[in-house]
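Subject: Structure handover

Hello,

I am passing on the structure we spoke about, with some notes on what turned up in it. Please look at it first and then read on.

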Amino acid sequence: MVDIPSSVKVGPFIYKILEDGAVEQRGIYAEVYHRTFEIKIDPTIADQKLSVSLWHELLHCLDDIQGMELDEKNVSRLANGIVMLLRDNPWLRELA
Ligand SMILES: [Zn+2]
């Protein structure tokens, strides 16, 4: 897995980003715990899957604080779409 920061700020909260082999054993790539502010990622995740998986969990974080009531399918669709747009149009990253 490529090096990424050990935490991410989402609104008023800072989530720790942790590698956790138990995530892979459950057949998923990543998961978020809102009570402990942790995002756990499969340490064997392919680099090209990491971005989508992290965006997926970050969208769950945004949903938690903003009450968007996104379902799992919509979170996945949005994560794939955001990563697709950022990869296809790198200049978008600079506008934030
Ligand atoms: Zn999810």
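From the N terminus on, the elements of the protein chain run β-β-α-β-β-α-α-α. That gives 4 helices and 4 strands. Please keep in mind that this is a predicted model.

Overall shape

The C-alpha atoms of the protein chain fill a box of roughly 35 × 30 × 25 Å along the principal axes. The radius of gyration is 13 Å, which agrees with the value near 12 Å that a compact globule of 96 residues would have. Of these 96 residues, 18% count as buried. Taking the contacts between residues at least 6 apart in sequence, 37% join residues at least 24 apart.

The strands

Strand 1 (residues 7–10) and strand 2 (residues 13–19) form an antiparallel pair with 4 bridges. The two make a hairpin with 2 residues between them, and Gly11 in the turn has a positive phi of about 60°. Two of the residue pairs can be picked out in the viewer: Val10 has Phe13 in strand 2 as its bridge partner, and Lys9 has Ile14 in strand 2.

Strand 2 also pairs with strand 4, this time in the parallel sense, again over 4 bridges. Here Ile17 stands opposite Ile39 in strand 4.

Helix 2

Helix 2 covers residues 47–66, which is 20 residues. From its first C-alpha to its last it reaches 29 Å, close to the 28 Å expected at 1.5 Å a residue. After helix 2 comes Gly67, with a positive phi near 60°.

Which residues of helix 2 are buried? They are Ser53, Leu54, Trp55, His56, Glu57, Leu59 and His60. An α-helix has 3.6 residues a turn, so residues three or four places apart point the same way. What do the buried residues of helix 2 pack against? Their partners are strand 3 (30–33), strand 4 (38–41) and helix 3 (72–88).

Regards

Terms used: Residues are numbered from 1 along each chain as its sequence is written. This is a predicted model: local features need pLDDT of at least 70, side-chain atom pairs count only at pLDDT 80 or more; totals for chains, interfaces and linings use all residues. The radius of gyration is taken over C-alpha atoms; the globule rule is 2.2 Å times the number of residues to the power 0.38. A residue is buried if 20 or more other C-beta atoms lie within 10 Å of its own, exposed if 12 or fewer, and partly exposed in between; C-beta atoms are placed from the backbone. Two residues are in contact if their C-beta atoms, placed from the backbone, lie within 7 Å. The expected span of a helix is 1.5 Å times one less than its number of residues. Two strands pair if DSSP finds at least two bridges between them.
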